[in-house]
Amino acid sequence: MHQKLDVLEDKGFVVLRPYDGPEISPSEWQNLEYMDWKSGGDTNFAPIASALGDLECAGFWDHGKPDKGGVWTTNAEECPTLVEWTKRVGADYGRVRIIKLNPSTSEADAVRNLHLDDNNRLNPDGEGWVVRVWLQLTDNPDSYMMLRDVKDDPSTESRISLGRYSQFVIDSERLYHAAYHPGPEPRYALIVSFESGPALERWIESQRAIIPTTHAETELHI
Ligand SMILES: [Fe+2]
């Protein structure tokens, strides 16, 4: 058994208020080195922290580690605001990466791309369950993260709109997920694996403290 957060117990995800820190320059995602790595569509990933600090997308388990104790790669030098964002959460982080998602052609493609993440391989019993936090970088309000409890059951679906700077936490080993992104430009987002525990809980609470009026629109249930 692992330590889990009460805030995720009910639905397995929580939408936070949008990021309101310093402006994030597009150079922080455009100047990074991307690897060809397919996950949930036509994707490329820029590793900012990896198991050993190498520019690679492999699971930490390939190096005998759970998805924690991430080591900064050379990409980290190009994205100081994103590194600072990660550190300020205060929780142990593993994979820190930017996803570049090329447009989907249909919602059916997003459904086909629904998958569970492998976040807790080698994570010792009794330690914090690893979940993921997304920080949306490009402004794609017509795109959304599709979440389902049951992969083939649309009645279990929730959607999170992907407007610029939207932030959300997903237990992505529990919920099937994939982004529907009609384009036309690629979508970029930061995705970080964090260990559940008091630090992550405090940060989530701090990001929910002021709920803007748009909050209800960013979390769409169908
Ligand atoms: Fe995933």
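Figure 1. Buried means under 20% relative accessible area, exposed means over 50%, and partly exposed lies in between (1.4 Å probe, protein chains only). Helices (H or I, at least four residues) and strands (E, at least two) are DSSP runs, numbered from the N terminus. An α-helix has 3.6 residues a turn, so residues three or four places apart point the same way. Gly90 follows H2 and has a positive phi, near 90°.

**Figure 2. Strand S6 and its two partners.** Strand S6 (residues 130-136) is largely enclosed by the rest of the structure, because seven of its seven residues are buried. Val130, Arg132, Trp134 and Gln136 point one way from S6, while Val131, Val133 and Leu135 point the other way. S6 runs antiparallel to strand S11 (residues 187-195), and seven bridges join them; two strands pair if DSSP finds at least two bridges between them. Val130 has Glu195 as its bridge partner in S11. S6 also pairs with strand S9 (residues 167-170) in the antiparallel sense, over four bridges. In S9, Val169 stands opposite Val133.

**Figure 3. Salt bridge between Arg164 and Glu23.** The two side chains meet at 2.8 Å, N to O. A salt bridge is a side-chain nitrogen of Lys or Arg within 4 Å of a carboxyl oxygen of Asp or Glu. Arg164 lies in the loop between strand S8 (157-162) and S9, and Glu23 in the loop between strand S1 (13-15) and helix H1 (27-30), 141 residues apart. Arg164 is partly exposed because its relative accessibility is 35%; Glu23, at 59%, is exposed.

**Figure 4. Salt bridge between Lys68 and Glu127.** The closest N and O atoms of this pair are 2.6 Å apart. Lys68 is in the loop between strand S3 (43-50) and strand S4 (71-72), and Glu127 is in the loop between helix H3 (107-113) and S6. Lys68 has 6% relative accessibility, so it counts as buried, whereas Glu127 is partly exposed at 34%.

**Figure 5. A salt-bridge network.** Glu157 and Arg159 form a salt bridge with closest N and O atoms 2.8 Å apart, and both residues are buried. Salt bridges with shared partners join Glu107, Arg148, Glu157 and Arg159 into one network.

**Notes.** Residues are numbered from 1 along each chain as its sequence is written, and side-chain values use heavy atoms, with hydrogens and water left out. The model is predicted: local features need pLDDT of at least 70, side-chain atom pairs count only at pLDDT 80 or more, and totals for chains, interfaces and linings use all residues.
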